[in-house]
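Good morning, and thank you for making time for this presentation. Please have the sequence and the coordinates open while I speak.

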Amino acid sequence: GIHMRLRYLVVALLSVLALVAAGCGGGSSKSVPADAVATVGSNTITKTQFNFLLDGAKRTYKARKTPFPKAGTTQYKSLQDQAMQYLVQEAEYEQKASDLGVKVTDKDVQDRLAQIKKQYFGGSEKKYQAQLKAQGLTEPQIKQDLHAQLLSEKLYNKVTANVKVTDKDI
């Protein structure tokens, strides 16, 4: 039930597909602005975004009573790499969405969140908040992740909209 759903959200935040990792930086000679950790096309990934993810990871570890990896360790580096992969992938999705005219509004995110609250918590804000606390998650984290999910769904739908497969093709 909900445990799995929220765990999925955490996993989505922390251990993102490694596909784009290789593209990080891409050997471009473009300099990265002072407050940024990377540039992806015309987008910059800021230290604030990066720290937001790492802080979220710290809260999740704490909620699970798991020691957070110490700076300088392989585990810490791995966590940083995963955060970077996530942000790079999101930046790429945002650019693709922009190219294709795909948008995710705040209302889309609110609607999806309301749906989750209703489906998994019977509409109880109290139960929802208790679960967030138990998982070490914050609402901004959840909203960011829902935005990412909706964006990838809308992109997928847009890209596959005109794909027709006949019985013969199968």
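This is a predicted model: local features need pLDDT of at least 70, side-chain atom pairs count only at pLDDT 80 or more; totals for chains, interfaces and linings use all residues.

**Salt bridges, helix packing and cores**

By salt bridge I mean a side-chain nitrogen of Lys or Arg within 4 Å of a carboxyl oxygen of Asp or Glu. K77 and D81 are four residues apart in helix α3, residues 74–100, and are therefore separated by about one helical turn. Helices here are DSSP runs of H or I of at least four residues, strands are runs of E of at least two, and both are numbered from the N terminus. K77 is partly exposed at 46% relative accessibility, and D81 is also partly exposed, at 31%. On this scale, buried means under 20% relative accessible area, exposed means over 50%, and partly exposed lies in between, with a 1.4 Å probe and protein chains only.

Residues are numbered from 1 along each chain as its sequence is written, and side-chain values use heavy atoms, with hydrogens and water left out.

Because E153 lies in helix α6 and R112 in helix α4, the pair ties together parts that are 41 residues apart in sequence. E153 is partly exposed at 34%, whereas R112 is buried at 16%.

The helices themselves, α4 (residues 106–121) and α6 (residues 139–160), pack at an angle of about 110°, with their axes 9 Å apart. The axes are lines fitted to C-alpha atoms, for helices over the stretch in contact, and angles run from 0 to 180 degrees between N-to-C directions. The two helices are therefore roughly perpendicular; angles of 65 to 115 degrees count as such, under 35 as roughly parallel, over 145 as roughly antiparallel, and the rest as oblique. Contact, meaning heavy atoms within 4.5 Å, involves residues including R112, L113 and I116 of α4 and L146, L150 and E153 of α6. By class, this contact has six nonpolar, three polar and seven charged residues. Ala, Val, Leu, Ile, Met, Phe, Trp, Tyr, Cys and Pro count as nonpolar, Asp, Glu, Lys and Arg as charged, and the others, Gly among them, as polar.

Next, α4 packs with α5 (residues 125–135) at about 95°, with the axes 9 Å apart, which makes this pair roughly perpendicular. L113, K117 and F121 of α4 meet E125, K127, Y128 and Q131 of α5. Within that set, E125 and K117 form a salt bridge, their closest N and O atoms 2.8 Å apart. E125 is partly exposed at 37%, and K117 is buried at 15%.

The largest nonpolar core has 16 residues, of which I45, F50, L54 and L87 touch the most other members. Such a core is a set of buried Ala, Val, Leu, Ile, Met, Phe, Trp, Tyr and Cys residues joined through side-chain atoms within 4.5 Å. Helix α3 gives the most to this core, with eight residues. Apart from this core lies another, of 15 residues, among them V104, F121, L132 and L150.
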